[in-house]
Amino acid sequence: FKPINDTYGHEAGDLILMKVSSRLSDFVGRRGIITRLGGDEFCILLKDTDKETAKGMISDIQEIIAEPVEYEGVKEGLQITASIGLASYPEDTDKPEKLVSIADKAMYKNKDIDR
């Protein structure tokens, strides 16, 4: 995400944030909610979804995020990728306030694997 801002400016970065959040919202629909934690970090909260089902959604979410975003003067569009961390209540913790921390650690572990 940072290279988009550095190369094309914050207007391009803002456009990507809006497009990605809209795409994710369409994908999640009534199954849950999406919130932006800050910067380029999003949290998807799914209701009545077991961990295996959520794991199965990860590749779909990554594809949605990676879809190019049309931007003036960029023939192939702007594109980003995503590292995703997953945490499940109550499987991973029975404390809802710890879910984001667990998901964050899983995301950094996946980010290291993706490199």
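**Close-up views of a predicted model**

Tyr71 is buried, with 17% relative accessible area. The structure shown is a predicted model.

**View 1. Tyr8 and Tyr71 form an aromatic pair.** This is the one aromatic pair that the structure holds. Tyr71, at 17%, is buried, because buried means under 20%.

**View 2. Arg31 lies over the face of Phe27.** The distance from Arg31 to the ring centre of Phe27 is 4.8 Å.

**View 3. Strand 1 and strand 2 form a hairpin.** Strand 1 covers residues 32-38, and strand 2 covers residues 41-46. The two strands run antiparallel. Six bridges join them. Across the pairing, Arg36 stands opposite Phe42 of strand 2. Two residues lie between the strands. Gly39 is in this turn and has a positive phi of about 55°.

**View 4. Asp48 has a positive phi.** The angle is near 50°, and the residue is not a glycine. Asp48 sits in the loop between strand 2 and helix 3. Its relative accessibility is 81%, so Asp48 counts as exposed.

**View 5. The largest pocket holds about 1,300 Å³ of space.** A total of 45 residues line this pocket. Closest to its centre are Phe42, Cys43, Ser83, Ile84 and Gly85. Five elements are named here for giving two or more residues to the lining: helix 1, helix 2 (10-28), strand 2, helix 3 (51-66) and helix 4 (99-114). Helix 4 gives the most, with eight residues. By class, the lining has 30 nonpolar residues, seven polar ones and eight charged ones.

**View 6. A cis peptide bond joins Tyr89 and Pro90.** Omega of this bond is about 0°. Pro90 is in the loop that runs between strand 4 (74-78) and helix 4. Helix 4 is also the element that gives the most residues to the lining of the largest pocket.

Technical notes
Residues are numbered from 1 along each chain as its sequence is written. This is a predicted model: local features need pLDDT of at least 70, side-chain atom pairs count only at pLDDT 80 or more; totals for chains, interfaces and linings use all residues. Side-chain values use heavy atoms; hydrogens and water are left out. Rings of Phe, Tyr and Trp (its six-membered ring) pair if their centres lie within 6.5 Å; planes under 30 degrees apart count as stacked, over 60 as edge-to-face and the rest as tilted. Buried means under 20% relative accessible area, exposed over 50%, partly exposed in between (1.4 Å probe, protein chains only). A charge sits over a ring if NZ of Lys or CZ of Arg is within 6 Å of the ring centre and within 35 degrees of the ring normal. Two strands pair if DSSP finds at least two bridges between them. Helices (H or I, at least four residues) and strands (E, at least two) are DSSP runs, numbered from the N terminus. On a 1 Å grid over the protein atoms alone, a cavity is a set of points where a 1.4 Å probe fits but cannot get out, and a pocket is an open set with protein on both sides within 12 Å along at least five of seven lines; lining residues have an atom within 4 Å of a point. Grid points are joined across faces, edges and corners, and a volume is the space filled by probe spheres set on the points. Ala, Val, Leu, Ile, Met, Phe, Trp, Tyr, Cys and Pro count as nonpolar, Asp, Glu, Lys and Arg as charged, and the others, Gly among them, as polar.
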